[in-house]
Amino acid sequence: MAIQFQDISREKSAALFETAKNFFPGGVNSPVRAFKSVYGTPLFIERGDKSRIWDADGNEFIDFCCSWGPLILGHNNDEIREAVIKQLPNGLSFGAPTRLENQLADLILSKNKYIEKLRFVSSGTEAVMSAIRLARGYTKRDKIVKFEGCYHGHSDSLLVKAGSGLVTFGETSSAGVPKSFADETIVIGLNDTKALEEVFKTFDNQIAAVIIEGVPANNGLLIQDPAYVNFLRKITKDHGSLLIFDEVITGFRLGFQGAAHYYGIQPDIITYGKIIGGGMPVGAYGASKELMAEISPDGGVYQAGTLSGNPVAMAAGIAALTLLAQEGFYEKQELKTRGFVQTLENYIKEKGYVVQIFTIGSIFWFAFTDKTSIKTAEEIDPKSMESYKIMHRALLNQGIYFGPSGYEVGFISDAHTTEDLDITIQAIKHALDIVFQ
Ligand SMILES: *Cc1c(COP(=O)(O)O)cnc(C)c1O
């Protein structure tokens with residue numbers, strides 16, 4: 001039976017998108033925004049407040065995309081807004097040090113036992129790109145190992161996917177990346193100890209670093225066994241390679257000290273982004289004092305940024321992280337998320353629907369599968385995304401905004417109230433009824 005949708009009005013967004021196509025490739029400034037994997041065209045957002053956003057047609061949504069993770073305190077948070085407003089009359093950027101950089105760094109480093117020094121940059125991509133350079137500079141080795149299903153931003157070395165065969169050089173996953181760059185990046189599957197052992201056997205003394213997302217959350221939510229992450233720590237140490245945790249999502253999300261603390265594992269370099277700037281463009285990478293001494297001007301690894309550590313972004317970051325550092329903040333988010341997921345799981349079980357909700361901290365992911373655990377990208381059935389598309393459309397029509405791709409996770413913020421979550425639960429139940437009708 002063909003599904004009958006009662007679609008909300010989206011004409012004004014559609015018209016803005018038509019105009020945007022004249023200005024930007026695909027009408028957007030970041031590809032996933034183009035709604036290619038879901039029904040319709042992108043919603044143009046006019047404003048956000050707490051858990052809600054409003055689009056150009058005046059539709060109101062409870063937002064679970066949260067700008068792809070940064071907005072753990074919701075939209076228009078009072079403290080962040082006031083901190084930004086307070087900074088504005090003093091100037092937007094100087095390209096000279098300010099005390100705000102010290103304040104944000106102190107706030108982070110005094111509560112994070114996994115890094116001793118850090119460097120602020122302006123995006124997650126920049127943080128990871130710089131971390132890779134640091135690893136190469138420090139180890140004087142060129143190759144890096146990454147995992148299929150992990151995203152680390154759009155720098156050349158990391159836009160590489162697995163080639164054919166167990167241990168091969170990667171293939172570029174974007175046009176414009178030189179093949180010689182891909183030759184320095186080895187890509188293997190997650191949760192595969194044998195493959196990594198093989199890599200270290202084949203390329204012993206050549207691997208600068210192994211990089212993994214704190215918890216892979218860019219291609220579904222691929223929660224790894226702690227034993228596997230411990231294995232990564234051990235094998236890298238045994239071979240003189242560095243372990244990089246890309247915590248651009250998990251940093252300040254799984255707890256103030258991110259995935260490193262969640263696993264109780266000391267990586268060599270950690271990258272941050274998203275939440276760290278309270279909604280402003282900030283990234284960072286951090287490591288031991290010894291490693292960070294390699295960065296210019298102390299050391300020979302060059303890395304710079306005109307707007308790095310700019311005072312407005314720092315002010316937003318300080319306000320955000322001050323709130324996150326409060327006792328019980330993360331427990332509260334996790335409890336809320338668990339309750340939300342549990343209620344939905346009960347309904348799914350009662351109805352016998354083939355869908356799982358994977359969750360960790362305040363992150364959740366809907367997977368239309370009967371598998372009760374998914375640890376690798378390979379285990380995700382691309383065909384299951386058809387069901388997500390239907391759910392996504394049914395949710396938008398009920399005022400619930402999820403990320404426009406079934407590979408994207410959802411985020412619960414401090415601004416989501418019990419009432420918001422109750423409304424959302426009812427909407428999701430209805431959306432699932434439509435998917436499985
Ligand atoms: C978002 C993300 C990046 C890239 O960050 P940008 O700020 O988009 O450049 C890198 N790594 C991970 C794990 C991410 O989630």
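## Around the ligand

An oxygen atom of the ligand sits 2.9 Å from a polar backbone atom of Gly124, and that counts as a polar contact (a pair of N or O atoms within 3.5 Å; within protein, one must be able to donate a hydrogen and the other to accept it, and residues adjacent in sequence count only if both atoms are side-chain atoms). This is a predicted model, where local features need pLDDT of at least 70, side-chain atom pairs count only at pLDDT 80 or more, and totals for chains, interfaces and linings use all residues. Residues are numbered from 1 along each chain as its sequence is written, and side-chain values use heavy atoms, with hydrogens and water left out.

Asn218 brings a polar side-chain atom to 2.9 Å from an oxygen atom of the ligand. For Tyr151, a polar backbone atom is 3.4 Å from a nitrogen atom of the ligand. On its own the ligand exposes 380 Å², and the protein buries 82% of that (Shrake-Rupley areas with a 1.4 Å probe; for residues, only the protein chains shown count as cover). The residues around the ligand include His152, Glu213, Asp246, Val248 and Lys274 (each has a heavy atom within 4 Å of the ligand).

## Thr271

Now for Thr271, which you'll find in strand S11 (residues 269-272); strands are DSSP runs of E, at least two residues, and helices are runs of H or I, at least four, numbered from the N terminus. Thr271 is buried, with a relative accessible area of 0% (buried is under 20%, exposed over 50%, partly exposed in between; 1.4 Å probe, protein chains only). Leaving out residues up to four places away in sequence, Thr271 touches Asp246 and Val248, among others (contact is heavy atoms within 4.5 Å). Asp246 and Val248 also turn up around the ligand.

## Domains and cores

Domain 1 puts 27 residues into the contact and domain 2 puts in 30.

The largest nonpolar core has 76 residues (buried Ala, Val, Leu, Ile, Met, Phe, Trp, Tyr and Cys joined through side-chain atoms within 4.5 Å). Helix H10 (residues 311-324) gives the largest share, 10 residues. A second, separate core of 37 residues includes Ile53, Leu344, Leu421 and Ile428.
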